[in-house]
Amino acid sequence: MPLSAFDYLARARAVIFDCDGVLTDSRDANCYFFNRIRKSLGLPPMSAEEEDYCFIATTEEVLARIIPPELLAEAEKAMASIPYEEILALINIRPGALDFLRALRARGIITAADTNGGPEVGPYFQAMGLTEHFDMVVTAVEVSRPKPDPEGVFLIMKSFGLQKDEVVFIGDSEFDRQAARGAGVAFGSFGNPGLEADFHLSEFQTIVRNFSGS
């Protein structure tokens with residue numbers, strides 16, 4: 001009989017999360033941010049394909065894809081001028097996400113994040129009330145090869161002396177799946193039923209109730 005999401009999570013020593021799209025709903029914020037940069041340069045809004053890419057790649061990778069090379073320096077100036085508060089106002093924590101993090105930590109399970117975000121992640125986590133719920137956060141700044149490379153996962157595993165069968169990675173993109181598979185750890189897909197995974201989660205509330213009743 002296949003293992004359930006609860007089976008995988010209950011036996012884990014550590015759960016690693018992607019952030020955007022899993023713990024938070026930040027798609028509108030990402031699109032707003034990069035489209036505002038494009039608008040300041042006289043460029044049209046991103047295509048649907050570019051919007052999908054900006055949701056999973058690093059800022060550097062996104063700019064290289066959506067901004068002509070000759071405008072990159074000007075794009076970086078435009079990026080620095082966007083008030084951070086405007087971006088935060090468009091981000092929401094997923095229902096049940098904080099309760100899920102609390103339930104994991106109450107069981108002594110290590111919680112970590114592996115995100116392709118950059119220096120903005122620290123202030124972002126602080127403003128969203130996420131910082132206190134994580135033992136470690138790995139961003140694109142801490143690794144030389146961000147997701148889909150498994151370097152971030154390996155860094156977390158090394159930091160806590162974790163073995164492959166003790167770790168679960170929860171993400172929502174192919175980048176996340178490849179990072180988990182590259183590290184040899186179990187992968188749970190959040191909100192993406194078409195993504196190959198060991199288990200799928202559509203929301204957090206049910207799994208929180210399972211933890212509370214166990």
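Helix α2 is followed by G42, whose phi is positive, near 80°. Most residues other than glycine have a negative phi. The model is predicted, and the values below are computed from it.

**Helix α2**
- Helix α2 covers residues 27–40, a run of 14 residues.
- The buried residues in α2 are A29, N30, C31, F33, F34, N35, I37 and R38.
- These buried residues pack against four helices: α3 (48–54), α4 (59–66), α5 (72–80) and α6 (84–88).

**Cysteines**
- Across the whole structure, the search finds 0 disulfides.
- C31 takes part in no disulfide, and the nearest cysteine sulfur, that of C54, lies 4.7 Å away.
- Seen from C54, the closest cysteine sulfur is that of C31, and 4.7 Å is too far for a bond, because a disulfide requires the two sulfur atoms to be within 2.5 Å.
- C31 counts as buried because its relative accessibility is 11%, which falls under the 20% cut-off.
- C54 likewise counts as buried, with a relative accessibility of 2%.

**Cis peptide bond**
- The peptide bond from K147 to P148 is cis, with omega near 20°.
- Most peptide bonds are trans.
- P148 is placed in the loop between β5 (136–138) and α9 (151–160).

Notes: Residues are numbered from 1 along each chain as its sequence is written. This is a predicted model: local features need pLDDT of at least 70, side-chain atom pairs count only at pLDDT 80 or more; totals for chains, interfaces and linings use all residues. Side-chain values use heavy atoms; hydrogens and water are left out. Buried means under 20% relative accessible area, exposed over 50%, partly exposed in between (1.4 Å probe, protein chains only). Helices (H or I, at least four residues) and strands (E, at least two) are DSSP runs, numbered from the N terminus. The expected span of a helix is 1.5 Å times one less than its number of residues. Contact means heavy atoms within 4.5 Å.
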